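Notebook open, model loaded. I wanted to go through the fold, the sheets and the core.

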Amino acid sequence: MKITMLGTGAALLDPDRGHSSIAVTVGKTTYLLDCGSGASRQLVKANIDPTTVKAVFLSHLHFDHIADFPVFVIANWMADRQTAPIVVGPPGTVEFVDHLFEDGAFAIDIKARIQYPQRQKNAIVLRPDVRLMEPGLIYEDDNIRVTAGLVDHIPEEISKCFGLRLEAEGKVIAFSGDTAPCDTMLDLARDADLLIHEATFPEAAIEFRSKAGIGTFSHTSPRQLGVLAKKANVKSVVATHFGHWDSTNAIVRKLAAKHMPVEMMGPHLMDEVAADIREAYDGPIALAHDQMVIHL
Ligand SMILES: [Zn+2]
Ligand SMILES: [Zn+2]
C-alpha cells in the first residue's frame, strides 16, 4: 500500500504546508484521511486520480481538516465520476455536507453547471454517502478495515474527535487526527506498522505558550509522541500537522507570531523535534512534508 502525505501543516496559511490530508492507496483504490484545503490539488500533483478515491474519513470538523471536501466532490463531478463518494465523519458531518451542494453554499455553481446534459447524468456524485463515525469498526470493504476511537482534542460536548486504525494488506496504520496524548490513541496505535501522529508544536513553543496563557492542552508534543510510540510498540512513526514553526516565509512568521516568538522559528527546529521524539522512541521516524510517499 502507498501512503501519500498531501497536507502536513496545522491551521495557519503556509505556502509549503497544506492543511491536513493523507491518501492511502490500496491497489487501484484510494482513501483519504482528512480533506483539508488543497487536498484535491495535491492528489493530482501526486498522480492520484481523484475519481479513484472511494471514501473520505474526517477525523474532526476543524476547518483545516475538511475545507477541501466541496472542492473534492465538485471536481469529481466535473471529472465524470459515476458514483457518490463515501464520507465518514463525526456527528455534524450530515449537516456539514447538507449545507454544501444542491441546497447549500454551492447551489448556484451547481445550478449553472448542471444545465449541461453530461453533468445531469452523474449528479449522484453531488449526494455523498454520509456515514457517522462512532467508536469501534466504522468501515470495511475488500481492501481495508477502519476502526475509530474518541481522542482528546475539542471538548466532547462541542464536537467529537477521532483517531483511526486502518488495516490493509496485512499491515496496520494508525492516524491520530488532532489530539493530546490519550489512552484511546495508545490502543489504536498498538503494534502498528506505521503511526502517523500530530506533533503540532515543538517543546520550546509549548513552554512559551503555557507562560503566555495560550492553549497547549489539545495537541501532542514531540516528547509525548515519543513516549506514546514506545508504549504502543509501533514499528515506525511519521510526525505531521506541524504548526508552521519551521517556516522561513515572512508572512507565515507574522501570522504565527501570536503562537510563538518569531525568532524561535525556523527549519532548525526539525532537528529538535526529531531529537525530542527520540528521547523515548528508538524506531524509525520521519517528519512529514507535503507529497512525502511511504510504501508499506
Ligand atoms: Zn488541525
Ligand atoms: Zn483540530
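My entries follow, starting with the ground rules.

I am working on a predicted model, in which local features need pLDDT of at least 70, side-chain atom pairs count only at pLDDT 80 or more, and totals for chains, interfaces and linings use all residues. Residues are numbered from 1 along each chain as its sequence is written, while chains are lettered from A and ligands numbered from 1 in the order in which they are written.

**Overall.** I counted eleven helices and 14 strands; these are DSSP runs numbered from the N terminus, helices being H or I with at least four residues and strands E with at least two. The radius of gyration is 19 Å, close to the 19 Å that the globule rule gives for 296 residues, so the protein is as compact as a globular protein of that length. (That radius is taken over C-alpha atoms, and the rule is 2.2 Å times the number of residues to the power 0.38.) I found 47% of the 296 residues buried, where buried means 20 or more other C-beta atoms within 10 Å of the residue's own, exposed 12 or fewer, partly exposed in between, with C-beta atoms placed from the backbone.

**Sheet one.** Which order do the strands take? I read E6-E5-E4-E3-E2-E1-E14, an open sheet of seven strands with mixed pairing; two strands pair if DSSP finds at least two bridges between them. E6 (129–132) and E14 (292–295) stand at the edges with a single partner strand each, so one side of each has no neighbour in the sheet. Inside, E3 and E4 run parallel, joined by four bridges, and Leu33 stands opposite Phe57 in E4.

**Sheet two.** Seven strands again form an open, mixed sheet, in the order E7-E8-E9-E10-E11-E12-E13. E7 (136–140) and E13 (285–287) are its edge strands, each pairing on one side only. E7 and E8 pair antiparallel over four bridges, with Val146 in E8 as the bridge partner of Tyr139.

**Core.** Phe57 turned up again: with Leu164, Ile173 and Leu195, Phe57 touches the most other members of the largest nonpolar core, which has 75 residues. (Such a core is a set of buried Ala, Val, Leu, Ile, Met, Phe, Trp, Tyr and Cys residues joined through C-beta atoms within 7 Å.) Beyond its neighbours within four places in sequence, Phe57 contacts residues including Tyr31, Val88 and Val146; contact means C-beta atoms, placed from the backbone, within 7 Å.

**Helix H9.** Buried residues of H9 (222–232) include Pro222, Leu225 and Ala229. I then noted Asn233 following H9, with a positive phi near 60°.

Methods:
Two residues are in contact if their C-beta atoms, placed from the backbone, lie within 7 Å.
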